[in-house]
Amino acid sequence: MEYRRLGKSGLQVSALSFGSWLTFGNQIDDQTAEELMVKAYDSGINFFDNAEGYAAGKSEIVMGNILHKLNWSRDTFIVSSKVFWGGSKPNQTGLSRKHVIEACYAALKRLQVDYLDLYFCHRPDPNTPIEETVRAMSDLVHQGKILYWGTSEWAAEEIEQAYQIAEKYFLVPPTMEQPQYNLFHRYRFETEYKNLYSKGLGTTIWSPLASGLLTGKYNEGNITDTRAELPKMDWLKDLLVGAGAQAKIPIVKKLDELAKSLETTLPIFAIAWCLKNPNVSTVILGASKLWQLEENMKALPLMGKLDNLVMKEIERIFDEVE
Ligand code: NDP
């Protein structure tokens, strides 16, 4: 495993990490969740990503039970939670001081840990002044309840504001952002955030396979035994086999050919492409089956094969098809 520093912080995070969105407490049983975590940890993955909103808290309960059972030394793993989608009542959502602090305490209980290593604002909250959120996060750091805080899918301008507020009032600034980043979703990570990396922003990127689209398995529109079959996931199904996906399938097919020419598979290739970007601190993998995680972890050794010629060929494929 390769370890990277989370931005300018001293924290070393495995270049591949493991997340539980849609899977833990939902798509997979607890035994499979445990097998996946054991496989990840034994392979050197040290960061496990979670959120209060995942399976309405059940994902954190499942992960907490596994952490408790396996009893790994606390200094060998990093665990996160995210605050924003906690419930349907007014103060169960968003980034008010009340919800940021209550959600943290609740996540600590569900995950059965004394502190969270990483705590993210899962989305920006237009109804709460950024200063209120920065103060709440800063207080949680001072209380020892969280070690680092960050954002997810905030605009660059909002992250800048958080930095400025922290500097002005001697508060703890954000350490990392969690954006979507994959071959189909590049603008925010590569362009909008560009100036933030030199200031030391770390990144824990999500959906490196665009939820599975970049595996090629949706090329024929078959969704059997995938997350697209989950109830209340029509928006995701649409993303994977709807009209938008159809426009992407020709690119997926060409990328698949390119992956084959390197004697690898498309998922491994797509994840290696994310890893190759030096502004990526860690690529959060998702998997509903053990074989998927085993396959995806082969991305690290492939990185070296993505030379300039291959990278140019990727750009050519996008230019040609789009
Ligand atoms: P991916 O885009 O990598 O999708 C993972 C899914 O793709 C798997 O669960 C599986 O789904 C399928 N898959 C994975 N590997 C393979 C393979 N080799 N062959 C075929 N299919 C495969 O990542 P996620 O969307 O799951 O995101 C990863 C993590 O990022 C999440 O768990 C979460 O921690 C974080 N995240 C954060 C968000 C945020 O807003 N901050 C938003 C979304 C995710 P299937 O069961 O369908 O086969």
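How do α2 and α3 lie to each other: oblique or roughly parallel? Point 2 takes this up, after a word on the model.

1. **The model.** This is a predicted model, in which local features need pLDDT of at least 70, side-chain atom pairs count only at pLDDT 80 or more, and totals for chains, interfaces and linings use all residues. Residues are numbered from 1 along each chain as its sequence is written, and side-chain values use heavy atoms, with hydrogens and water left out.

2. Two packed helices are described by the angle between their axes and the distance between the axes. Helices (H or I, at least four residues) and strands (E, at least two) are DSSP runs, numbered from the N terminus. Axes are lines fitted to C-alpha atoms, for helices over the stretch in contact, and angles run from 0 to 180 degrees between N-to-C directions. Helix α2 (residues 30-42) packs on helix α3 (residues 58-70) at about 60°, and the axes are 10 Å apart. Therefore α2 and α3 are oblique to each other. The cut-offs are these: under 35 degrees is roughly parallel, over 145 roughly antiparallel, 65 to 115 roughly perpendicular, and the rest oblique.

3. **Handedness and contact of α2 and α3.** α2 and α3 cross in a right-handed way. A crossing is right-handed if the near helix is turned clockwise from the far one by less than a right angle, and left-handed if anticlockwise. From α2, the contact uses D30, A33, E34, M37 and V38; from α3, it uses V62, M63, I66, L67, K69 and L70. Contact means heavy atoms within 4.5 Å. By class, there are eight nonpolar, no polar and three charged residues here. Ala, Val, Leu, Ile, Met, Phe, Trp, Tyr, Cys and Pro count as nonpolar; Asp, Glu, Lys and Arg count as charged; the others, Gly among them, count as polar.

4. **α5 and α6.** Helix α5 (residues 130-143) and helix α6 (residues 156-169) have axes that come within 10 Å and cross at roughly 60°. So α5 is oblique to α6. The crossing of α5 past α6 is right-handed. On α5, the residues that meet α6 are I130, E131, V134 and R135; their partners on α6 are E158, Q161, A162, I165, A166 and Y169. This contact has six nonpolar, one polar and three charged residues.

5. **α9 and α10.** α9 packs against helix α10 (residues 243-261) at an angle of about 30°, with the axes 5 Å apart. That makes α9 roughly parallel to α10. D238, L239, L240 and V241 of α9 make the contact with A243, A245 and Q246 of α10. Five of these residues are nonpolar, one is polar and one is charged.

6. **The cores.** In soluble globular proteins, nonpolar side chains tend to be buried together. A nonpolar core is a set of buried Ala, Val, Leu, Ile, Met, Phe, Trp, Tyr and Cys residues joined through side-chain atoms within 4.5 Å. Buried means under 20% relative accessible area, exposed over 50%, and partly exposed in between (1.4 Å probe, protein chains only). The largest core here has 100 residues, and F18, Y119, L255 and F269 have the most contacts inside it. Helix α11 (residues 266-276) gives the largest share, nine residues. A second, separate core has nine residues, including L6, F47, I78 and M176.

7. **Helix α11.** Is α11 mostly covered or mostly open? α11 is mostly covered, with 10 of its 11 residues buried. Setting aside neighbours within four places in sequence, F269 contacts L255, L258, A259, L262, T264, L302, L306, V310 and I314. C274 also sits in α11. C274 counts as buried, at 0% relative accessibility.

8. **C104.** This residue lies in helix α4 (residues 97-111). C104 is buried, at 0% relative accessibility. Not counting residues up to four places away in sequence, C104 touches L116, Y119, L140, K145 and I146.

9. **Positive phi.** Most residues other than glycine have a negative phi, and most peptide bonds are trans. L22 has a phi near 70°, a positive value. L22 lies in the loop between β3 (16-19) and α1 (23-27), and is buried at 5% relative accessibility. A210, not a glycine either, has a positive phi of about 50°. A210 is in the loop between β9 (202-205) and α9 (234-241). A210 is buried too, with a relative accessible area of 12%.
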